[in-house]
Amino acid sequence: MNEDKIQHYGDALYEAWRAGRTIAPLLEQEPEITLADAYRIQLRYIERRVAAGETIVGKKIGVTSKPVQDFLGVFQPDFGQLTSGMVYQEGDTIDLGSLIQPKAEAELAFVLKEDLQGPGITAMDVIRATDYVTPCFEIVDSRITDWKIKIQDTVADNASCGVYVLGKAKGDPRKLDITLAGMVLEKNGEIFSTGVGAAVQGSPANAVAWLANTLGELGIPFKAGEVILSGSQSALVPVVDGDELVCTVGGLGSCRVKFAGRSAA
Amino acid sequence: MSMNLTPSLTLSREDIVRLCERVEGAQTRAYAIPKLTDEYPGMTIADGYAVQLELRRRFLAAGHKQVGWKAGLTSRAKMKQMGVDVPSIGFLTDRMARPENSAIRTGDLVHPRVECEVAFVTKKALQGPGCTRQDVLAATDYVLPAVEIIDSRFSGFKFDLPSVVADNGSSARFVGGGRPRYVEDLDLPTLGVVMEKNGEIVAGAAAAAVLGHPAEAIAMLVNILAELGEGLPAGSFVMSGGITEAVPVKAGDSVIARFQELGSVSMRFVE
């Protein structure tokens with residue numbers, strides 16, 4: 001795909017995000033988009049956000065569970081960029097007016113204390129380079145109408161990232177069994193879904209290693225201090241005004257988030 | 001949550017014995033039968049327990065030893081699917097126990113499935129009604145990881161609550177193992193579990209999937225026992241219900257259930 005088209009679709013996603021509206025699936029407009037094209041479109045979209053004043057603060061890994069991979073017909077995860085404008089603190093109320101068609105996912109986030117330069121990174125390197133892990137919510141959102149996404153659409157749309165919230169609890173992956181730690185997600189005081197770390201690529205550390213190696217091949221840095229959302233361990237939760245979600249990771253702690261307002265869609 | 005079992009008995013003693021013999025035949029010779037309500041559409045849950053207790057009476061008379069009980073249908077999703085608001089229970093005997101890491105025959109089972117569960121071993125007797133989660137935790141000696149091999153004797157795993165209760169809650173085999181722990185050293189609801197079959201992850205969840213807390217299922221079991229006129233003796237082995245969905249197994253399969261803080265339980269299946 002030529003650079004003009006990459007820019008065109010990257011700009012279209014940026015404008016849709018800024019205006020809080022959706023666009024038709026890119027694959028409907030352009031059936032020949034490859035996965036590599038989709039990552040170039042994502043890069044353009046994120047460059048626009050950075051040019052408008054945001055900074056890159058980390059990465060998210062998506063499509064990590066077998067059911068989602070089967071649904072999208074792919075056999076590996078995808079990734080997107082986390083920017084400074086996406087960050088909420090635990091206890092904050094998320095303004096649904098800033099989102100289009102949001103859904104929440106409970107995850108384990110990693111914060112790095114050393115650079116991870118792939119290729120050649122293993123899960124053991126990930127544990128070594130991790131400062132701490134923390135329970136978190138990613139609020140996914142799609143700039144594609146009605147979430148009618150194929151893998152190229154979601155990758156181009158920054159892996160459908162919306163905003164995220166890190167919990168205050170911090171865990172050392174040398175003291176916590178991140179693979180077997182359970183994940184309990186409650187919505188308005190009732191259990192919504194449960195999960196376990198191993199549902200993410202056998203272990204969340206495997207997902208982070210995959211990302212380090214993938215970024216290494218693309219020449220994208222993976223730096224100390226960055227946040228990595230390692231992939232959903234819960235069902236997708238629809239959220240509306242007044243909802244409160246709590247996710248709790250066994251042996252680690254909780255992250256709590258509230259929602260207010262009306263989303264654009 | 002009262003089931004008022006006694007008033008809703010509809011089967012005659014003769015019918016109960018007849019159905020019990022039908023279930024016993026299917027269990028001991030491993031064949032599928034139509035669900036009992038096909039012939040007795042008015043059959044109630046109380047009738048189901050009457051058949052189950054007759055089955056237990058016959059097994060104990062034949063020299064089997066009861067080791068405890070199991071709770072089934074303990075996830076909200078599964079109860080909703082079955083249109084009921086109570087779990088079911090079934091009795092466990094020494095003949096159903098298999099050692100950790102052993103080879104389990106499938107030839108004497110109809111269509112076995114495996115589930116990860118937290119099992120409780122009690123040190124004090126528990127008596128309903130009114131038994132609470134706190135009562136259960138106070139009466140618990142230790143918990144351990146377990147795999148239940150359920151095997152509905154009904155064709156196509158299709159059943160309703162009275163039929164499954166009569167079939168002893170689909171109880172077939174169980175394997176306890178891993179690492180025994182004190183409940184006060186654990187946060188049971190957030191305990192994660194993973195089921196692997198032939199090296200591949202086939203199910204994963206946290207123990208809160210069982211009524212929010214596995215001890216809640218034991219309390220409900222004790223309260224159902226009270227309606228049947230029984231208590232739960234000290235020293236009982238009680239399985240609290242599937243945390244993960246039931247996964248079909250066949251000869252040649254190898255299964256390992258991995259539990260946060262509790263170690264693992266493994267077994268393989270042979271013809």
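**Helix α6 of chain B**

I began with helix α6 of chain B, residues 214-227, in what is a predicted model. I checked its length: at 1.5 Å a residue its 14 residues should span 20 Å, and I found the end C-alpha atoms 21 Å apart, which agrees.

Next I asked how many residues of α6(B) are buried. I counted 11 of its 14 residues as buried, so that the helix is mostly covered, where buried means under 20% relative accessible area. The buried residues are B:Pro214, B:Ala215, B:Ala217, B:Ile218, B:Ala219, B:Met220, B:Leu221, B:Val222, B:Asn223, B:Ile224 and B:Leu225.

I then looked up what these buried residues pack against, and in chain B I noted the helices α2 (45-61) and α4 (133-139) together with the strands β1 (66-72), β2 (88-93), β4 (113-122) and β9 (237-239). Just after α6(B), I noted that B:Gly229 takes a positive phi of about 80°.

**Helices α1 and α3 of chain A**

For the contact itself I listed residues from both helices, among them A:Ile6, A:Tyr9, A:Leu13 and A:Trp17 of α1(A), and A:Arg40, A:Ile41, A:Arg44 and A:Tyr45 of α3(A). Sorting the contact of α1(A) with α3(A) by class, I found 7 nonpolar, 2 polar and 8 charged residues.

Methods: Residues numbered from 1 in each chain as written. Chains lettered and ligands numbered in written order. Predicted model: local features only at pLDDT ≥ 70, side-chain atom pairs only at ≥ 80, totals over all residues. Heavy atoms only, no water. Contact = heavy atoms within 4.5 Å. Helix = DSSP H or I, 4+ residues; strand = E, 2+ residues; numbered from the N terminus. Nonpolar A, V, L, I, M, F, W, Y, C, P; charged D, E, K, R; others polar. Expected span 1.5 Å × (residues − 1). Buried < 20%, exposed > 50% of the residue type's maximum accessible area, 1.4 Å probe, protein only.
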